[in-house]
Amino acid sequence: MAKKHLKKETASAVIAAVRRGGGEGAPIGETAYRRIRSDIVFGKLPPGQKLTLDRMKEAYNASVSTLREILNRLSSEGFIKAEGAKGFEVMPTSPENLRQVASMRQLLECHALKESFEAGDMEWEGRVVAAHHKLAQIEKRMATGDRSDAEMWKRYDWEFHHALISACGSQVLLDTHAMIYDRYLRYQMIAAVYRGDVASSEHRTLLESALARDWRIAQKTLTTHVQDCVDQMVSGGLIG
């Protein structure tokens, strides 16, 4: 399989691929890549699970050589642990690694918020408002106890945070943030963390800060938003 088929995925593309079963019409290698990556991000392939190529052939409809290339790619992205002759396993989780991933997300996103707020135009404002509306609606539904569609919730959460930084002017920054966001999302899905009204309120503050172009308040809110989530996962023993 040509390497050009293993293109970088954003968090929203990963979530969408899960929901549509990998994407109709996509090359076999691309479909397998999306499915394996999504299964790791959403905890369907749990941390530490050994990945046997012969067993994965049928599950993901891909050849051993294609699977090996995919797993090496996922290793470079931090989702797979490659152990030479021992093969591959899903990257284990730990509180220390979670804190490192969260710290990187904060660093990238806080910088991108400042750049985006200073450069954003009316089109950007429209994207932010629309993304927040969708997120707020599903958060209201979840507040009633309906937690039936966690993948849609996280898709809308990603779309809102991505919209906030989408005018930063750096595709490299956006791509790097998307990669780190997926690693952070993996922890959230494994821990099944839900912060309810507190997180919803922080999202509203981020929206208001965007419309006011107040990146300082947005950075402060984002830092609290991420750190409190990490504290809940770690203190609650949700991450092994």
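I started with Arg141, which counts as partly exposed because its relative accessibility is 39% (buried means under 20% relative accessible area, exposed over 50%, partly exposed in between, with a 1.4 Å probe and protein chains only). This is a predicted model, where local features need pLDDT of at least 70 and side-chain atom pairs 80 or more, while totals for chains, interfaces and linings use all residues. Numbering runs from 1 along each chain as its sequence is written, and side-chain values use heavy atoms, leaving out hydrogens and water.

I found Arg141 paired with Asp146 in a salt bridge at 3.4 Å, N to O (a side-chain nitrogen of Lys or Arg within 4 Å of a carboxyl oxygen of Asp or Glu). Asp146 is partly exposed too, at 29%.

How many salt bridges does the structure hold? I noted 17.

Next I checked Arg37 and Glu77, whose side chains meet at 3.0 Å, N to O. Arg37 sits in helix α2 and Glu77 in the loop between α4 and β2, so the pair ties together parts 40 residues apart in sequence. (Helices, H or I of at least four residues, and strands, E of at least two, are DSSP runs numbered from the N terminus.) I see that both Arg37 and Glu77 are buried.

Last, I looked at α3, residues 53-60, where Leu53, Met56 and Tyr60 are buried. They share one side of α3 because they cover an arc of only 55 degrees around the axis, taken from the directions from the helix axis to the C-beta atoms. On the face turned away I found Asp54, Arg55 and Glu58 exposed.
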